[in-house]
Amino acid sequence: METTDFSQPIRQSSKGIIVIFVFNVFKFFKKFFVLFIALGLSIMRGKSFGKITPNLILLSLLTILIIILVIAILKYINFKFHLNQDDFHLATGIINKDKIIIPMSKIQNVYITQNFLQQLINVVSVKIDTAGDKKSEIEISALDKSKALLLKKKLFTKNKSENNVEEAEGQRDVFFKVSPKRLVLEGLSQNHLKSLLGIVAFVFGLYHEFKDYLKQLRLQERIEDFIKQDEDTVLNLLITNAVIIVAVILFSFLFSVIKTFIINFNLEVVEHQKTLEINKGLFNKVSLSLTPSRIQNLVIKTNRVKKYFGLHSLSVRQAMVNAKQQKNFNIVALEKEQLNYLITKLLGDYTETGEKSRPQSYFMRIAALKMLFFIIISNGLVVFLFGKEMLWINVLFIPYAILYIYFSYKKAYYIISNDFVTIGSGFIDTTTNILEIHKIQAVRLKETIFQERRDIASVIISTASKAATIPYINKLEALSIYNFLLYKIESQDRDWM
C-alpha cells in the first residue's frame, strides 16, 4: 500500500545525516591522507609538529568533525524533493539554494544502491541519471528501501514510456543467478596483468610517501643483510627472487578473485516483459534496470581460460554514464546460451553474420611502435628504481611485446551488416563491440600524414556512450563504410533513445 505522498515536498530519512557526515569525513581525510599520516607519526613519537603539539592537533580534528556534522545537518534540512505530473523537483543547498527540475521523460535510469554503512543503518541511496551528464544529476543519500522502490516505480510509470511499465505490474522472473563456484572461476580467469600492475603501482606509491619513515626503521639495510647471508651461491639468490615473483603473482590472483566476488556477490538478472534488472554487490549493493531503447552498444568479453570454463561477460553501455557507474552494468559468468539470449533480448534480431574484414598490416606496425615505447619507458623505470642489474626483466618484456603484436592483430576484425556494426579487438581478452546503426551519433575518418601516403584510414563511430574505432583499413573501404553509415543514419526514421 502506498503510504508516501510524493506530490508534497519531503525530506530523506533522518539517518541521512549520518550518511552525509560519514561521506564528508571520508572525503576530507582522503584529501589530506598524507598530512594526517605525518601528524600521526609525530604524535606516536611524542614530538611536536613545528609549533603544533599533539593536543592541539586533536583539538583541531575535533573542531573539524563538529563543522562537518553541522554542514551535514544543514544539508539534510535543506534537501527536499517532490513529484508533479511530469517532473522531478529538488531543492538543496546551504548558503546558495539550488532548485533542480528534471522531466521524467528524460530520466535514463534510477539506481538503488546500498553501501556498507547504509546496510548497517538499513537505508538505501537513490541516484537518478539522465543522458545529459556523466554524473548523477540527483542523489538521495538515505531512504527506506520500500519508499525508494515506490519512488522508482512512480518515476517510470508516470513517464508512460516503454521503460519499466512491467515493473509497475509486478512481473518478476529471475533469469540468471550466479553461483559462488562460477564467481571464483570468473575471478581466476580474469586478466591478472591489470591487477599485478595495480598492486605494483600501489606498493611503489606507498614507498614514495613513506620512504623517509622506512629509512628510520633501517628496513633496507636489514633486507640487504638478509640477502648477503645467502649470497654464497647464485642459486639461493635466484630462489629468493623466484619466491618473491611467485608470491606477487599469487597475491594478484587472490586480489582478482576477492574483488570479483565482492563486486558481483549474489549477482542476479531479473527479466521483465521488456527490460532487465541487475542486482549485485556485497559491501555496496546495486540495483538497476536496463531498457533496450536506452542501450547504445554491448561489449562481450571472454578469453581462452574463460571459454574453457564456459564463462562470458556482457557489458551494457548507456548514454553519458561515468566510468565508475559503468562497472555496475557488467554481467559476468554467463554461459554461452544465456549470453545469446540476453543479446537477443536487448538487441532484437542480432546475429554475427557476414564476412569478417581485418585491418591492414599497418596495424602491426603501430602495435610494434606502442610496444617499443612501452619497453623503453619500462626499462627507464627499472634502471631508475633498481639499477642496471634488473635489466634481465626484458626476458619477460620482449616476449610479451611479440605476443601483444601478434594476438592484437589476430583478434582485430569488423563486420558491417544492414542494422549492426560489430568490432572485434583484444589481446588477452577477446572483446566484441556491437553497435546498432540507428543509434550512431556521428561518423568520421581519421588518418595521419604517414597513413595518407599509404592510403590507410580509420573509421571513428560515435554513439552517445563511447566512440568505437575500425582501425587502419584501406582508404577506399573506409570511405565506403563512411558513406554507408551516413546513408543509414539519415534514411532511418528511428530514435536513438
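Visitor: What share of the residues in the chain is buried?
Guide: Buried residues account for 39% of the 497 residues. Bear in mind that this is a predicted model.

Visitor: How many helices and strands does the chain have?
Guide: There are 17 helices and 19 strands. As for contacts between residues at least 6 apart in sequence, 61% of them join residues at least 24 apart.

Visitor: What makes lysine 446 "partly exposed"?
Guide: Its relative accessible area is 47%. Buried would need a value under 20% and exposed one over 50%; lysine 446 falls in between, so "partly exposed" is the label it gets. You'll find lysine 446 in strand E17, residues 442–446.

Visitor: Which residues does lysine 446 touch, leaving out those up to four places away in sequence?
Guide: Those are Gln451, Ala457, Ser458 and Ile460. A contact here takes heavy atoms within 4.5 Å.

Visitor: How do you know what span to expect for helix H13?
Guide: Helix H13 covers residues 336–347, which is 12 residues. The expected span is 1.5 Å times one less than the number of residues, and for H13 that comes to 16 Å. From first C-alpha to last, H13 reaches 16 Å, close to the expected value. After H13 comes glycine 348, with a positive phi near 85°.

Visitor: Why do the buried residues of H13 line one face of the helix?
Guide: The buried ones are Gln338, Leu339, Leu342, Ile343, Lys345, Leu346 and Leu347. Looking down the axis of H13, they fall within an arc of 165°, so they line one face. In general, an α-helix has 3.6 residues a turn, so residues three or four places apart point the same way.

Visitor: What is the size of the largest nonpolar core, and which residues have the most contacts inside it?
Guide: It has 31 residues, and Leu298, Leu314 and Ile331 have the most contacts inside it. Several elements give two or more residues to this core, including helix H7, strand E12 and H13. H13 provides the largest share, five residues.

Visitor: Which residues does isoleucine 331 touch, again skipping those up to four places away in sequence?
Guide: Among them are Phe176, Leu267, Ile278, Leu314 and Leu342. There's also a second, separate core of 23 residues, which includes Phe79, Leu83, Met104 and Ile128.

Key. Residues are numbered from 1 along each chain as its sequence is written. This is a predicted model: local features need pLDDT of at least 70, side-chain atom pairs count only at pLDDT 80 or more; totals for chains, interfaces and linings use all residues. Side-chain values use heavy atoms; hydrogens and water are left out. Helices (H or I, at least four residues) and strands (E, at least two) are DSSP runs, numbered from the N terminus. Buried means under 20% relative accessible area, exposed over 50%, partly exposed in between (1.4 Å probe, protein chains only). The arc is that of the directions from the helix axis to the C-beta atoms. A nonpolar core is a set of buried Ala, Val, Leu, Ile, Met, Phe, Trp, Tyr and Cys residues joined through side-chain atoms within 4.5 Å.
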